[in-house]
Amino acid sequence: MKYLDEYRDHRIAWALAAEIRQRTTRPWVLMEICGGQTHTIMRYGIDELLPRGIELVHGPGCPVCVTPLETVDKAIALALRPDVILVSYGDMLRVPGSRSDLFRAKAQGADVRIAYSPIEAVKIAGSNPDRKVVFLAIGFETTAPANAMAAWHARHKGLSNFSMLVSHVLVPPAIRALMVSQTNRVQGFIAPGHVCTVMGCTEYESLVRDFRVPIVVGGFEPVDILEAVLMLVRQLEAGEAKLENQYVRSVSYQGNLPAQQLMAEVFEIADQKWRGIGPIPQSGLRLREEYAAFDANRVFDLGEITVDEPAECISAQVLQGLKKPTDCPAFGMRCTPENPLGAPMVSSEGACAAYYHYRRHSAAS
Amino acid sequence: MSTKSPVEVKFELSCPTPLPAKDTILLGHGSGGKLSAELIRDVFLPAFRNPVLARLDDQAIVNVNGQRLAITTDSFVVKPRFFPGGDIGSLAVHGTINDLAMGGATPLFLSAAFIIEEGFAMDELRLVVNSLRQAAADAGVDVVTGDTKVVEKGKGDGLFINTTGIGLVPEGVNLSADRACPGDKVLLSGSIGDHGIAILAQREGLEFETLIQSDSAALHTLVAAMLGVTSNGTPDIRCMRDPTRGGVSSTLNEIAERSQVGIELEESSLPIHEEVRGACELLGLDPLYVANEGKLIAIVATEAASAVLQAMRRHPLGAEAQIIGTVKKENPGLVTMRTPLGTTRIVDMLAGDQLPRIC
């Protein structure tokens, strides 16, 4: 299949791995930001092809994993209202809230529907005028344009029964937060190619400059990841810190300007809590005042939902790259995809789930 | 969009409370994955405990007056009821015949029970019944008994069908999921994922068109051709399974678990149609977990593998058959896969249904 097979070609992958081995003279800690990249690394065993000195740690870029518990609880509370149809991306349904998840809410009679695109939720609202349709609008900059488009459509259609429960997070503030953290170990980043397809590369220039850290915008196939690692190793070994773009087939320097424009029209930047990490200033998006009528937080009286979270799960350290999922005493024992203790064990992009699904055998041996 | 100057963020430990013990049935309990297995283990097996059931094969094989009788039952709730390559009527025949065939049985008779929602269109019912009749006739099996129930409007989802099948297992045939041995080969009768993707593409809200047809088919004649290869009555074919719900991965995990062996697949040898690969890439699904309704997996002794493979390829339903892996003594209970990069990964059983990824 074109655009896939050549990026999974073992000869190209092995040649890249050989060059990485040849160029690596010192140990380096690299972080791939996006959960999709973590998934590829685990699925294809990319880390097995790398020299021992190169440590890949897994970043906070799984949208499902970092969605705050309060948002999940609010979604469940909304879904359980008989007048509400809750529409969500599929992999949010199994994410545990503090007492339940959306699958269980569905089993209790909640009308929960899976959508592949937020526009479907707008259509559902159009064809169910007597119900209130709430779309659980989560994700990074990748899903933000489509979610913005849903709100824009609803507003232009004059729909009064559509709203969105928004929990949007932004990548650059998270990288900034990681870099200023006292415990940071990361020396180079593979930036998320899909986020940069939307946002372009400009935001990453200041990170490279402020922290003298190399950043390579990378794709999601094995050859992409290996090439991005090689580009980082070249920079690190030469003592350089530059912004480079490995994912040129998708990412332009300016990004997708119409998408950015739409996002800016619908959303504004706000402080945001990240599950497993905590609050990061100016790291999220919320609906602008003009879109208040589509903000589920304002449309519904949800009250203050507070949550207590015990601390066996080490997702905070995992999402910062301080620990590997297999360092967790609960991994694969008390915490499994059937009974997840933390969100990274739920989504297929979560680091813990990726280790569990693809690599338990090597962890055991 | 710009960001503020660096601010020291205090990283907080946080993690959700584990959910309470499962107290309600979730959709995942019907997915064929781990939740289904738990339900069977925790509720059904203890209630009906007996040695025949404990084998957990796709069919029960019981001895009646010296004859080995195979019996199986299956319920069909597929939505949409009509899809490219089949419908709920033909599927209700194929599914049950295949469960008999996986035990090596020659299917003989079927029952058909219909649970119909009040208000269901008579024309649609006739179409389904006609399709069921035709599929049974094509397979050479009679529907000899049945049942009808009508439930109130809103208390059913249009139409559910249950079929039960009985058949006879020929002398010398002994297929079971606990018989895989290290060294055996894993054979797959053709491309995977066709049925699941054909259904998914028809579902509401999925705005892509495909030419993918469900592979729904009765496999008993393919099975007969394969069993015909077996030389001198030696049980060269250890086990057969049709990878329906949960896909190839769930089926192989069950065999690995039951036989306490490892199974290693070769990713590059998996037959997957381009359209199915494309749809799976787009939706973030893994074809190994997508349902099939006209494919079988056979665990075959290594010395017979080539002859069985040739017999499969001579049959129209096995034309794309491949050897996809080997049974190992390492990693008992686990299915692993050699990737094209020469690395190895686990092919796990999913907890519930595979969920489309957000991005």
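These are my notebook entries on what I looked up in this predicted model.

**Ground rules**

Residues are numbered from 1 along each chain as its sequence is written, while chains are lettered from A and ligands numbered from 1 in the order in which they are written. Because the model is predicted, local features need pLDDT of at least 70 and side-chain atom pairs count only at pLDDT 80 or more, but totals for chains, interfaces and linings use all residues.

**Confidence**

I started with the scores: ipTM is 0.83 and pTM is 0.88. For chain B, the average pLDDT is 89, and 89% of the residues reach at least 70; pLDDT is the predictor's confidence in each residue, from 0 to 100. Residues 1-7 of chain B fall below 50, and that stretch has 11 contacts beyond near neighbours in sequence. I also noted residues 9-21 of chain B, where pLDDT stays under 50 and the model has 40 contacts beyond four places in sequence. A contact here puts two C-beta atoms, placed from the backbone, within 7 Å.

**Chain B overall**

I found 9 helices and 14 strands in chain B. These are DSSP runs numbered from the N terminus (helices are H or I, at least four residues; strands are E, at least two). Of the 359 residues in chain B, 49% are buried. Buried means 20 or more other C-beta atoms within 10 Å of the residue's own, exposed means 12 or fewer, and partly exposed is in between, with C-beta atoms placed from the backbone. Among chain B contacts with a separation of 6 or more, 83% join residues 24 or more positions apart.

Ala, Val, Leu, Ile, Met, Phe, Trp, Tyr, Cys and Pro count as nonpolar, Asp, Glu, Lys and Arg as charged, and the others, Gly among them, as polar.

**Helix 9 of chain A**

Next I checked helix 9 (residues 171-180) of chain A: 8 of its 10 residues are buried, so the helix is largely enclosed by the rest of the structure. Among the buried ones are Val171(A), Ala174(A) and Leu178(A). Their cover includes strand 1 (28-34), strand 7 (188-192) and helix 11 (202-211) of chain A.

Helix 9 and helix 11 of chain A pack at about 10°, axes 10 Å apart. They are therefore roughly parallel to each other. Pro172(A), Ile175(A), Arg176(A) and Met179(A) of helix 9 meet Glu203(A), Tyr204(A), Leu207(A) and Phe211(A) of helix 11. That contact divides into 6 nonpolar, no polar and 2 charged. Axes are lines fitted to C-alpha atoms, for helices over the stretch in contact, and angles run from 0 to 180 degrees between N-to-C directions; under 35 degrees counts as roughly parallel, over 145 as roughly antiparallel, 65 to 115 as roughly perpendicular and the rest as oblique.
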